[in-house]
Number of protein chains: 2
Amino acid sequence: MIRTITLAALLSSTALAAAPADPAAREKAFDASISAADQQAWLKAMASAPNHVGSPHNKANAEFILSQFKAWGWQAKIETFDVLYPTPLETRVELVAPEKISLGGQEPTLPEDATSANLAGALPPYVAFQGDGDVTADVVYVNYGLPDDYKALAARGISVKGKIAIARYGRGWRGLKPKLAQEAGAVGCIIYSDPAQDGYGDNDVYPKGGARPDFSVQRGSVADMITYPGDPTTPGYGSVPGAKHLSRAEAATILKIPTLPMSYGDASKILARLGGPLAPPSFRGGLPLAYHTGGDGKVQVHLLVKSDWSLKTLYNVIATMPGKDRPDEWVIRGNHHDGWVFGAADPLSGNVAMLSEAKALGALAKTGWRPSRTIVYASWDGEEPMLLGSTEWAETHADELQKKAVLYINTDSNSRGFLGAEGSQQWQHLVNQVAKDVVDPQTRASVDARLRAKLRADDFAGGGGGGGDGLGARAVSAAEKGDDLPIGPLGSGSDYSALLQHLGVPALNLGYGGEGQSFGNYHSIYDSYDHYIRFDDPGLAYGAVLSKTVGRLVLRVADAPTPPARYGDFAATVRAYLTEVKALAEARRKGDEKREALRAGNAFALAGDPLDPVAAPPAEVATPVVELAALENAVARLEGSARAFDKALAAKDATLAPAARAQLNALLRDIEQTLLIPEGLPFRPWYRHAITAPGRFTGYGAKTLPGVREAIEERRFADANRYAGLTAAALDRYSARLEAATAVVK
Amino acid sequence: MIRTITLAALLSSTALAAAPADPAAREKAFDASISAADQQAWLKAMASAPNHVGSPHNKANAEFILSQFKAWGWQAKIETFDVLYPTPLETRVELVAPEKISLGGQEPTLPEDATSANLAGALPPYVAFQGDGDVTADVVYVNYGLPDDYKALAARGISVKGKIAIARYGRGWRGLKPKLAQEAGAVGCIIYSDPAQDGYGDNDVYPKGGARPDFSVQRGSVADMITYPGDPTTPGYGSVPGAKHLSRAEAATILKIPTLPMSYGDASKILARLGGPLAPPSFRGGLPLAYHTGGDGKVQVHLLVKSDWSLKTLYNVIATMPGKDRPDEWVIRGNHHDGWVFGAADPLSGNVAMLSEAKALGALAKTGWRPSRTIVYASWDGEEPMLLGSTEWAETHADELQKKAVLYINTDSNSRGFLGAEGSQQWQHLVNQVAKDVVDPQTRASVDARLRAKLRADDFAGGGGGGGDGLGARAVSAAEKGDDLPIGPLGSGSDYSALLQHLGVPALNLGYGGEGQSFGNYHSIYDSYDHYIRFDDPGLAYGAVLSKTVGRLVLRVADAPTPPARYGDFAATVRAYLTEVKALAEARRKGDEKREALRAGNAFALAGDPLDPVAAPPAEVATPVVELAALENAVARLEGSARAFDKALAAKDATLAPAARAQLNALLRDIEQTLLIPEGLPFRPWYRHAITAPGRFTGYGAKTLPGVREAIEERRFADANRYAGLTAAALDRYSARLEAATAVVK
């Protein structure tokens with residue numbers, strides 16, 4: 001009750017003033033309503049108690065957010081979904097041989113961290129959507145638990161079959177680790193935080209510094225995100241009342257083996273006792289020991305997980321400010337509010353920035369301004385377990401969203417530092433323009449100028465090589481030339497996924513970071529207000545900057561006669577991706593030739609150490625020349641169409657007649673949906689976007705032109721040819737739409 | 001006495017047989033006398049007691065070696081030099097604040113390591129030629145203690161002035177660390193072995209594995225090798241009776257500040273207590289802590305070193321087998337016999353391989369064979385303190401050596417694995433031919449085939465990029481094409497230095513390695529017979545291979561009518577170096593432009609974290625275009641001259657008349673001396689070789705075209721122009737000699 005009163009006390013209203021006449025003045029007025037102090041107070045209250053899905057404080061936070069939106073003049077409601085969300089009934093992990101040592105358990109209270117004393121109802125270390133079980137087995141250390149790691153183990157004669165795999169966090173998406181262990185025959189999985197990643201290898205550990213101490217554990221979801229997100233039992237449709245729920249056994253994204261996360265304090269007790277060969281250099285982390293593979297029977301670990309698999313209720317807060325001119329064109333903006341424990345950085349730092357925007361937009365509205373398009377603000381629930389709130393909402397409202405949504409703008413954790421932006425590249429120029437207009441609070445330069453300086457200074461420090469291939473090199477080059485900085489592609493890991501990759505709604509994801517230390521408390525009980533204020537974004541200065549950044553994007557897209565997208569930037573990006581894919585195919589062909597030549601000459605055996613035997617890489621089918629001609633042609637057409645359209649619109653935008661404007665906007669509003677491949681991507685039809693998807697073996701990290709690129713990487717050469725064609729067809733649809741739009745404008 | 005009896009018992013003689021008629025049969029007969037069992041027995045005896053300079057067992061080893069050479073039929077003697085060689089009278093290192101902890105002291109006895117119980121007379125942890133002193137001061141962690149590290153510290157406002165610098169071993173030559181600390185104003189220096197380099201970051205620690213345990217300390221010399229090696233008090237001339245000795249204060253290569261080496265067990269007690277800013281990422285080692293710079297007064301360390309600075313006697317064993325045809329053309333081959341404690345790997349593993357060769361050559365001689373040229377075998381003393389035995393010998397006999405020496409072949413520590421060879425590249429083809437004729441004991445392939453397989457397999461594993469720039473890329477390319485593998489340039493760190501870099505005698509340095517773990521016991525009391533037999537080269541199989549490799553080189557050079565050098569290989573190598581230097585100059589110019597552009601735009605300040613301030617790189621004079629035309633022309637002439645000579649000799653070698661042969665050999669014998677720059681290199685006139693020198697800021701690592709390359713790196717642009725000219729002149733002298741030799745042959 002005290003908690004609710006605290007939240008209610010934060011409700012505030014804003015005085016009336018005159019509506020600013022021009023966009024710049026409007027943005028200035030918007031900025032004036034952004035308050036870091038507001039955000040800090042909201043953060044403290046919202047992060048004061050455990051707020052995972054199903055917790056009382058999470059519901060209270062949703063109700064608080066709802067009340068705020070209403071107080072600020074928004075049409076707001078809570079939309080609920082009943083979803084499968086497991087919580088731990090019992091977890092146990094212990095070393096039983098060569099000696100008995102109890103491991104695991106809740107993280108300890110620290111006097112320097114106030115909320116760590118407030119653990120009633122907090123989740124213990126746990127990963128959602130693992131498979132319950134009770135196993136005792138030998139242990140194999142599998143490094144990051146990714147395909148190359150299993151290849152390295154197999155070359156050393158080590159298998160996880162019938163054993164417990166212990167993997168370290170990092171590199172790939174968390175859920176890949178137990179999934180690949182399970183596929184390799186493991187009976188259980190432990191995922192631990194190696195200190196090289198986010199512990200003392202990175203910084204002083206909490207509470208002296210912000211990095212992960214040896215007793216801190218990263219919780220998370222291990223649902224098979226790369227197959228589909230959302231409620232595992234309602235794939236592709238909303239978990240609305242009456243919807244069919246698959247059984248646990250039928251749900252493809254729930255794992256089958258028991259899995260627990262672990263601190264490095266505990267993990268070192270297992271790893272220090274492992275026998276078997278010395279692990280290869282790429283397996284070595286930051287613990288003060290020589291890492292071995294295990295698997296020789298020296299160690300036995302008992303792992304038990306038992307969960308409550310009942311449905312829990314999600315509370316999405318959906319707030320709307322109807323557009324005065326184009327009410328059926330929606331600009332959607334969201335950030336989740338559920339955390340793993342206190343969730344100060346993840347997600348509340350982003351959520352309070354979003355609340356600031358909503359308050360400021362409400363204040364603008366009170367001066368008489370109304371957006372031209374409808375603005376929808378969404379505070380999602382259940383992001384942490386697997387993007388539940390946003391996915392179920394998007395699946396439920398798919399038809400309406402595909403008709404009305406112009407852009408989805410997402411944020412999540414925020415921190416101190418530099419602007420990061422990814423998403424649909426037709427919005428790249430807009431993001432660059434906004435970045436030039438937002439002031440960095442530490443340097444008083446624009447956040448654009450600061451990011452360019454960072455790219456160039458890092459490149460200089462790294463020897464001036466231009467950041468290697470791909471996005472990094474393009475970014476350094478753009479920073480040097482003064483071109484727009486490229487924005488990267490979206491993989492997965494936050495609430496844009498269903499909108500972008502399932503429905504074809506263009507999306508942006510933004511956040512500041514690089515100077516805070518929030519990774520060190522990620523998904524532990526120490527992701528707290530105290531940690532955030534000391535180590536992540538003191539005073540929430542960057543919370544305010546995030547509000548000003550996203551607010552500008554929202555205002556400019558909502559109010560422009562035609563949303564300010566530039567399709568040439570998308571075309572140039574696709575060209576860069578195609579260049580990468582061609583280089584990949586070529587490198588694969590050369591690598592295959594080298595491997596076979598080395599195999600034929602027995603070179604791997606000659607090069608190996610007979611006292612530390614490593615098998616030669618196995619023979620593989622040579623990479624053929626992939627049929628990329630249609631894709632080449634489609635990209636060339638796209639470049640031409642986009643150039644022509646951008647040029648035509650630039651010439652006529654100011655003078656377009658209303659009828660033509662309406663026709664133009666109708667053609668562009670859902671153009672991103674032409675990129676959806678109806679049958680979806682191989683192994684995962686839910687993902688339909690032809691240009692970007694979470695990598696099957698990266699997870700968070702995007703794979704671009706995924707149907708082609710991953711097929712080459714995984715040696716599915718028939719798929720590579722087929723998806724090159726499907727991707728070309730998608731780009732041709734996109735080009736045709738641009739060509740139609742050009743005809744309207746001319 | 002028992003020890004001497006043990007050594008004497010190993011004396012053996014070889015039965016007479018018929019002298020092999022042709023070279024191949026001779027090498028087969030040579031191989032038959034090579035015995036790994038011999039080597040193992042010698043190793044056990046010679047490594048049974050401490051054998052540093054001045055120790056009774058080191059003298060006994062010299063006498064044993066002498067007796068063996070004599071028994072095998074060589075003309076052998078011990079040649080002594082009385083040199084300055086300090087030994088510790090008292091060492092003390094302790095933490096005095098924030099708490100008192102005693103550190104340092106001798107390494108402990110291990111039951112698994114027999115000789116570690118035999119520490120009477122053993123050196124405690126100590127570095128020779130440091131500057132005695134007694135200081136108590138705050139501590140600064142300086143990473144590897146190299147120039148870039150001091151730049152990084154300065155950018156963070158940290159100075160070592162008046163403080164004790166603690167540096168980790170690695171990257172650069174040991175002696176650079178206290179030298180640069182001293183130049184930066186430090187009052188003392190500690191050098192410790194970080195576990196990331198050779199401890200648990202590399203392998204299981206001794207005695208479970210071969211890597212360095214937390215109580216093991218690397219001794220060594222810190223004399224300023226890059227200025228000149230040898231007795232610091234007799235620079236450039238032999239320490240013969242009556243020679244003038246400089247005072248300690250006058251000797252440029254003796255440091256002025258007290259310095260001690262340290263284990264990581266002890267160092268972690270200091271490092272864990274350091275305050276100051278978090279150290280930059282490049283400073284982070286393998287200890288389980290967040291590395292800080294220190295320098296804020298939190299820590300005080302007391303460091304005391306007091307040495308006995310008396311002269312000690314070196315015992316070089318010099319054995320000669322006179323040449324029957326060309327007694328005044330010498331093939332010299334050497335390996336030192338002094339160690340830091342027991343010295344099993346370093347140097348005795350190489351020394352016993354050399355003894356095997358001497359025994360086998362003696363056996364050949366007993367069948368009636370005599371070499372065409374004179375063969376000189378040298379077992380050097382005092383290599384560890386600073387190449388004392390070889391340098392004093394070379395300086396003493398400079399005139400005779402410059403008249404007679406055809407080639408010097410050096411070995412030092414040997415281990416299991418792959419052939420490594422560096423040296424004067426006109427011998428590159430010979431080394432490649434020998435490597436094709438020597439069988440690897442683990443794979444039964446030739447050591448050449450195995451090395452090629454390793455280069456190609458590592459390149460494949462690394463992504464097939466060809467090993468980056470420079471030697472690695474050239475090696476991978478040669479391995480793929482079947483060309484001769486390149487041999488790298490010689491820097492310093494073993495006994496070839498005076499002969500090659502001061503006198504201009506061409507040199508080769510050879511050894512096997514890459515699969516043993518000798519680095520983990522390097523210069524500690526655990527560089528023992530037990531460690532060597534378990535972890536480095538069980539059964540000394542690679543000791544025997546080294547003997548067969550070097551023996552072939554000795555035989556082929558000693559018996560060929562004209563030594564089998566190929567000058568085109570040298571010319572191609574110099575061309576590659578020039579290409580590197582040009583790329584360096586170009587990269588420097590571009591880097592200077594980038595830095596100034598970033599400075600002008602305030603980009604470093606914008607990119608920096610205001611809460612972790614790092615100053616921008618300071619302004620520097622822009623790199624001009626260096627005057628390389630003369631050097632370009634000289635390299636082109638060299639390529640032409642070398643090609644013409646190699647072709648001419650190949651056509652006529654079999655049929656050359658004796659008078660022409662004598663004239664030819666006289667022209668070629670000292671051709672390497674044309675590469676000496678009379679005035680020597682900047683700051684270090686002792687080093688005169690125009691093509692290779694130990695790097696001023698690398699030490700062991702060679703810098704090629706050093707007068708030009710280092711001047712560009714260090715922004716001494718007048719030197720760069722000047723040494724480009726001096727180097728061109730040296731190459732022109734070399735070309736002229738080749739042209740004269742071609743005229744003789746044609």
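Biologist: Buried, exposed or partly exposed: which is B:Asn602?
Modeller: Count the other C-beta atoms (placed from the backbone) within 10 Å of a residue's own: 20 or more is buried, 12 or fewer is exposed, and in between is partly exposed. B:Asn602 has 14 of them within 10 Å, so the label is partly exposed.

Biologist: And what kind of model is this?
Modeller: Residues are numbered from 1 along each chain as its sequence is written, while chains are lettered from A and ligands numbered from 1 in the order in which they are written. Local features need pLDDT of at least 70, side-chain atom pairs count only at pLDDT 80 or more, totals for chains, interfaces and linings use all residues, and the whole thing is a predicted model.

Biologist: Back to B:Asn602: what is its phi?
Modeller: B:Asn602 sits in the loop between helix H19 (567-600) and helix H20 (603-607) of chain B. Helices (H or I, at least four residues) and strands (E, at least two) are DSSP runs, numbered from the N terminus. Most residues other than glycine have a negative phi. B:Asn602 is not a glycine, yet its phi is positive, at about 60°.

Biologist: Is A:Arg444 buried or exposed?
Modeller: A:Arg444 has a positive phi too, about 65°, without being a glycine. Its place is the loop between helix H13 (428-437) and helix H14 (447-461) of chain A. With 10 other C-beta atoms within 10 Å, A:Arg444 is exposed.

Biologist: Where does B:Pro347 lie?
Modeller: The bond from B:Asp346 to B:Pro347 is cis, with omega near 15°. As for its place, B:Pro347 belongs to residues 344-366 of chain B, helix H9.

Biologist: Which strands stand at the edges of the seven-strand sheet in chain A?
Modeller: This open, mixed sheet runs in the order E1-E12-E14-E13-E15-E17-E16, where two strands pair if DSSP finds at least two bridges between them. Two of the strands have a single partner each, so one side of each is left without a neighbour in the sheet: E1 (75-84) and E16 (417-423).

Biologist: What is the bridge partner of A:Lys77 in E12(A)?
Modeller: Strands of a sheet pair through backbone hydrogen bonds, either parallel or antiparallel. E1(A) and E12 (residues 311-321) of chain A run antiparallel, joined by ten bridges. In E12(A), the partner of A:Lys77 is A:Ile318.

Biologist: Which residues does A:Val614 touch?
Modeller: A:Val614 lies in the loop between helix H20 (603-607) and helix H21 (629-652) of chain A, and its 19 C-beta neighbours inside 10 Å make it partly exposed. Contact asks for C-beta atoms, placed from the backbone, within 7 Å. Leaving out residues up to four places away in sequence, A:Val614 touches A:Ala155, A:Arg156 and A:Gly608.

Note on methods. Two residues are in contact if their C-beta atoms, placed from the backbone, lie within 7 Å.
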